[in-house]
Amino acid sequence: MNEETYAYWLSALSGAGAATCHRLLEYAGSFRGIWELSERELRSPQLHLTQQRIRELLDSKDEVRVIREWNALRDLGIEFYHLRHPMYPSRLRFIYDAPIGIFLKGRLPDPDVVSVAIVGSRGCSEYGARITRQLAMQLADSGFQVISGLARGIDGIAQKAAVDSGGYSCAVLGCGVDVCYPEDNRDTYDKLATLGGILSEYPPMTPPRSAYFPQRNRIISGLSDVVVVMEAKERSGSLITADCALDQGKDVYALPGRICDSLSCGCNRLIRQGAGIITSPGEFINDLILAHGTSLANGLPRDTGPSDVTDAAAPRQMNPAESPGTDGIPDARAPRQMTLAESLGTDDVERRILSVLGMDPKGINEIQDETGLEVGSLMKGLMKLTVRGVILQNSGRYVTGGDFRPC
């Protein structure tokens, strides 16, 4: 056995938490040194080990079994990197209770590219889902990496949008990397395994457990430069991620919502406490470029051609006066925002429809009452706007589409 297999043995021990593993590593000096500790040494007051934990460490020293399991990782397409391995993510190395080892399917986030964590409620609203999708797509199109937990709701929506846009995304799981949870996200899980990354501190075949999800949140924030909370109730796991980010010195942003919506309570509280505000995907991306511009892979969206910029090889720092919506020239690295005025066209029917639509879904009867349009004209206008992508329709209810720009 070598240092890697000794590290795997320690990481694969059931219930061996990061704090315990760090104490052992500090005491023994190496993973092999931990393996070679005697029962008397394991009883040292410095280690604070229970009799049960001491017995588990001693009973687990089966070299044949450990090597067999280690070789099986390769057959499963799983990599393992311990804390002292050169491939271990530098962003994680110095966080509090850094995982002693990580299991990986796919590839790790690029340490030289800005990573944004997008987290939020599992039972998200249509509003939260739509803005999450837009934000993740624009981040991916601009060359940023998206980190999340592949949970139902906001997490899964963000990661699906990122990989579907051709971007990189990494999921941090509260189970083994070979376990897809929830099964609803199977398609995204499969894409992440080949196009992005799936990461966990728990060994393969570990089932999802409620205690593991709060623990993995420190890894989500640790891998990220910025954490965005899209929707969160007053007591939400997403707020744990935000707390971890603040403890790690990371920036936190939140999507504002109505004060009467329970799903916005956590976000609004974060904003009150000083979190950045998501007012539009484009403006948020401009903030990222101003703060981390030199960390972007190329400083440019992947689909930006030579005709869009003067010198793709030498991106310049963006001046705030050049952000979209000002009199300056929009920065080529930020996706251009389509304003409502640009989408209105010259059709009076379309103008009247758009004047009553916003982020809250409305049915045809409600739109007709507010616009006073004849049914035929209304249906024709709705169809034209839907085909152009200016509005979105779901189950007979309509909202404004395009880029999110609050009124």
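**Exercise 1.** Is Cys267 buried or exposed? Work from the predicted model.

*Solution.*
Step 1. The relative accessibility of Cys267 is 0%.
Step 2. Buried means under 20% relative accessible area, so Cys267 counts as buried.

**Exercise 2.** Find how many disulfides the structure holds, and check Cys265 and Cys267.

*Solution.*
Step 1. A disulfide needs two cysteine sulfur atoms within 2.5 Å.
Step 2. For Cys265, the nearest cysteine sulfur belongs to Cys260 and is 8.9 Å away, and Cys265 is in no disulfide.
Step 3. For Cys267, the nearest cysteine sulfur is that of Cys265, at 9.5 Å, and Cys267 is in no disulfide either.
Step 4. Searching the whole structure gives zero disulfides.

**Exercise 3.** Describe helix H14 and state what covers its buried residues.

*Solution.*
Step 1. H14 runs over residues 281-292, which is twelve residues.
Step 2. From first C-alpha to last it reaches 16 Å, close to the 16 Å expected at 1.5 Å a residue.
Step 3. Its buried residues include Phe284, Ile285, Leu288, Ile289 and His292.
Step 4. An α-helix has 3.6 residues a turn, so residues three or four places apart point the same way.
Step 5. Among the elements covering the buried residues of H14 are strand S3 (115-119), helix H8 (126-141), strand S7 (226-229) and strand S8 (251-254).

**Exercise 4.** Describe the surroundings of Thr371.

*Solution.*
Step 1. Thr371 lies in helix H17 (residues 364-371).
Step 2. With a relative accessible area of 9%, Thr371 is buried.
Step 3. The Thr371 side chain reaches the backbone oxygen of Ile367 at 2.8 Å and the backbone nitrogen of Leu373 at 3.4 Å.
Step 4. Leaving aside residues up to four places away in sequence, Thr371 touches Arg352, Ile353 and Val356.

Methods
Residues are numbered from 1 along each chain as its sequence is written. This is a predicted model: local features need pLDDT of at least 70, side-chain atom pairs count only at pLDDT 80 or more; totals for chains, interfaces and linings use all residues. Side-chain values use heavy atoms; hydrogens and water are left out. Buried means under 20% relative accessible area, exposed over 50%, partly exposed in between (1.4 Å probe, protein chains only). Helices (H or I, at least four residues) and strands (E, at least two) are DSSP runs, numbered from the N terminus. The expected span of a helix is 1.5 Å times one less than its number of residues. Contact means heavy atoms within 4.5 Å. A polar contact is a pair of N or O atoms within 3.5 Å; within protein, one must be able to donate a hydrogen and the other to accept it, and residues adjacent in sequence count only if both atoms are side-chain atoms.
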